[in-house]
Amino acid sequence: MRLQVGLLFSTALFLSYVQGQVSYSIPEEMSKGSLVGNIAQDLGLDIKRLKTGKARLHVGNSAEYIELNKERGVLLIKEKIDREALCKQATLCALHFQIILENPIEFYRVTVEITDINDNAPIFKMDNMLFEISESAVKGAKFILEKALDADVGINGLKSYSFNPTDNFILKSTENADGGKEVEMVLEKPLDREKEERLTLTLTAIDGGDPQLSGTMKIYVSVLDVNDNAPVFTHSVYKAAIAENSHRGTTVTTVSASDADKGSNGEISYAVSTTMDSMSDIFTINEKGDVILVGEVDFEKAKYYQIDIEAKDSGGLSDSSKIIVDVIDINDNKPVISVLSKSDAIPEDSPQNTVIVMFSVLDPDSGNNGQVDCKITENIPFRIISSSRDFFSLVTDSDLNRETASEYNITVTCSDEGVPSLSSSVTLTLKISDVNDNAPIFERSSYEAYIVENNTPGLSIFTVKATDADWNQNARVSYILEDSSVNGVPVSSYVSVSADSGVIHAVRSFDYEQIKDFQFLVKAQDGGSPPLSSNVTVKILIQDQNDNPPQVLYPVQTGGSVVAEMVPRSADLGYLVTKVVAVDVDSGQNAWLSYKLQKSTDRALFEVGLQNGEIRTIRQVTDKDAVKQRLTVIVEDNGQPSRSATVIVNVAVADSFPEVLSEFTDFTHDKEYNDNLTFYLVLALAVVSFLFITCLVVIISVKIYRWRQSRIMYHSSLPVIPYYPPRYSDTLGTGTLPHVYNYEVCRTTDSRKSDCKFGRAGSQNVLIMDPSSTGTMQRIQNEKSILDEPDSPIEVS
């Protein structure tokens with residue numbers, strides 16, 4: 001870089017400024033932000049002065065290529081500079097601008113010279129030049145060539161030319177008065193068109209830069225000939241092939257004839273021989289030698305054609321040849337399907353290989369193009385068999401089932417073996433007629449229905465439903481009640497079934513206490529011939545109603561004698577007087593019993609257990625309590641509405657029998673004594689002894705039987721259904737003979753672990769009073785009751 005600085009100082013009135021000049025030289029194409037020069041240093045300015053003086057560049061109308069960095073006091077490249085774009089071919093290229101400061105005003109001129117670099121290669125305006133030179137041209141003939149241009153100047157400008165090859169031509173360069181160079185191509189050796197009719201030369205321009213750059217131009221030389229040759233076909237016979245049904249205008253083949261001459265002497269025209277008029281109607285040939293189809297060709301009419309052609313130049317010389325055109329058969333016809341016979345419907349039980357449709361298929365094409373194969377829709381129970389080359393049959397391939405598919409749309413597709421293959425299709429509709437091959441099927445394997453006892457006869461209980469997969473009459477289901485008996489009575493006297501709807505009606509009113517459930521068979525039969533049927537079991541469960549009041553088993557209520565429970569006056573609080581035992585033949589909550597004390601001679605003395613019916617004292621018995629106590633106990637079930645029964649319990653509060661004898665003989669019976677008291681006492685003693693022995697035997701037998709049953713039921717999962725036998729009593733006693741009662745309670749298996757508890761009866765005192773007696777009273781006390789036996793039936797006598 002070269003730096004030139006000059007300073008000029010002057011003064012004027014009221015105005016002071018400093019004028020200086022600095023010059024820089026930089027190469028073109030410097031990148032943006034490159035350093036031009038340290039202007040503050042070169043002008044001798046302080047960087048602070050640039051800031052306080054608000055230094056700025058004044059470039060005028062020139063583009064802003066340079067910028068001032070006041071922070072550093074340097075000039076930088078603002079935009080990349082192209083010397084050729086800025087100054088063209090001028091030898092000297094520079095930028096002129098000013099730096100202006102204020103307070104005081106200062107003014108400096110800056111010149112930046114842009115030097116050239118070799119960044120442009122020599123170029124030719126044309127990429128190539130074409131010369132047509134006759135082979136008769138003489139040696140020394142000159143041909144002016146285009147000059148190259150180089151945008152660079154000086155040593156980087158254009159320097160010299162080179163030429164290649166130099167077999168026939170050499171390059172001659174002359175310098176003009178203005179320093180430019182003229183370039184000429186001079187014929188050095190005569191041209192021979194027969195050897196080489198076209199020459200390609202390369203002209204290269206080179207500049208003087210480092211490294212050197214160059215540009216090239218192609219020079220094409222066409223050698224002109226003399227008309228001295230006739231046209232000649234390349235082949236005496238041409239062979240071609242064309243597909244039938246080709247469109248008009250299709251090029252069949254191209255023939256070629258050559259003529260050693262050029263220009264008008266080498267121009268050749270072609271024509272189809274007119275000796276065969278039919279050929280000219282089908283084929284024609286243009287000036288390029290293209291044989292074109294102008295008619296129609298059909299393989300079935302002609303398998304090949306022979307065309308005679310002629311080639312002629314402008315001088316009248318000619319040559320002839322012929323073309324053999326083979327016609328190629330194409331697959332241009334679809335198979336034609338004709339249905340010969342067809343069944344619209346077949347039964348579903350048709351055997352395999354039943355013929356449904358017979359049809360023929362014809363294809364006008366020949367060879368593989370006429371070979372036909374037929375297929376049908378997949379996954380259907382049919383197949384196609386071929387009876388001959390063009391005849392086919394559609395037959396069943398497996399068993400049919402109308403319930404699975406009642407109709408088939410069968411698409412038959414016939415394809416030939418051409419490439420590409422052509423096909424035709426026809427769709428056949430086949431209906432499958434129904435056969436009664438399905439029995440009715442009930443919706444369930446068995447049915448259970450519930451009905452409340454005491455129902456109205458004719459009440460609808462339940463509906464059974466069966467479906468038949470067949471169709472129409474074969475699917476019409478009728479319901480029939482199968483003959484059977486329930487407890488020896490025909491089931492038809494219990495229920496009936498509607499033949500059409502399957503609704504089951506009750507024929508009679510049911511009693512849960514007589515029959516709890518029963519079952520029967522209902523048959524569903526279709527309307528086919530022969531009919532098919534199936535059975536289903538229907539179980540009717542009778543639901544209990546609270547239609548039976550409780551029955552009191554103990555104490556027994558008789559009209560002839562009075563039974564009294566004796567309570568000693570020493571009885572303490574909670575003393576067990578007796579226990580009211582009752583049963584209800586209903587079930588469930590309808591049989592859940594509760595005991596309440598309705599009336600009592602002294603309510604403050606006794607109470608009744610709500611669940612167990614035990615009568616106990618609720619305070620200490622005193623001497624003031626009346627000997628004769630009368631209790632009325634009501635027994636209620638848990639049904640809706642509730643039913644009840646009442647029982648009267650007579651209680652004697654005394655320590656001895658004579659004490660209470662006078663009180664209880666005042667009841668409704670007459671007080672006169674029987675003269676035969678002794679006889680009745682003996683008779684009563686005999687009867688009691690007999691009954692005791694009999695009961696003992698029965699108790700032992702029942703105990704053994706129940707023990708065996710409890711062992712079986714203990715290991716069984718069957719539900720326990722309680723059974724309450726009817727009460728019975730002995731009314732033969734006429735004196736002190738006690739009444740006998742028997743009842744039975746069944747509990748769950750392993751009832752020893754249940755909550756059901758029975759109190760001992762050993763402390764109970766039972767008084768049997770007969771008004772006709774003579775005053776003698778027998779006290780019977782059982783020290784140990786069989787109620788203590790947990791696994792045996794309960795019997796109290």
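Two strands count as a pair when DSSP finds at least two bridges between them. Keep that in mind for the first views; everything shown comes from a predicted model.

**View 1. Four strands line up in an open sheet with the order E9-E15-E14-E11.** The pairing in this sheet is mixed. As a reminder, strands of a sheet pair through backbone hydrogen bonds, and they can do so parallel or antiparallel. Which strands stand at the edges? Those are E9 (128-134) and E11 (158-164). Each has a single partner strand, so one side of E9 and one side of E11 go without a neighbour in the sheet. Ignoring direction, neighbouring strands here are turned by 20° against each other on average.

**View 2. Here we zoom in on E14 and E15, two strands that run antiparallel.** E14 covers residues 198-207, and E15 covers residues 214-224. How many bridges join E14 to E15? The count is nine. To get your bearings, look for Thr-204, which stands opposite Thr-216 in E15.

**View 3. Cys-87 and Cys-93 form a disulfide.** The two sulfur atoms sit 1.7 Å apart in the model, which puts them inside the 2.5 Å cut-off for calling a disulfide. The angle about the S-S bond is 65°, and the link is right-handed.

**View 4. Another disulfide links Cys-374 and Cys-414.** Their sulfur atoms are 2.1 Å apart. This link is right-handed as well, with 105° about the S-S bond. Where do its two ends lie? Cys-374 is in strand E28 (residues 372-376) and Cys-414 is in strand E31 (residues 407-416), so the bond ties together parts that are 40 residues apart in sequence. Cys-374 is buried, at 8% relative accessibility, and Cys-414 is buried with a relative accessible area of 0%.

**View 5. Stepping back, the disulfide count for this protein comes to two.** Number the bonded cysteines along the chain and the links follow the pattern 1-2, 3-4. A further cysteine to look at is Cys-695, with a relative accessible area of 22%. Buried stops at under 20% and exposed starts at over 50%, so Cys-695 goes down as partly exposed.

Technical notes:
Residues are numbered from 1 along each chain as its sequence is written. This is a predicted model: local features need pLDDT of at least 70, side-chain atom pairs count only at pLDDT 80 or more; totals for chains, interfaces and linings use all residues. Side-chain values use heavy atoms; hydrogens and water are left out. Axes are lines fitted to C-alpha atoms, for helices over the stretch in contact, and angles run from 0 to 180 degrees between N-to-C directions. Buried means under 20% relative accessible area, exposed over 50%, partly exposed in between (1.4 Å probe, protein chains only).
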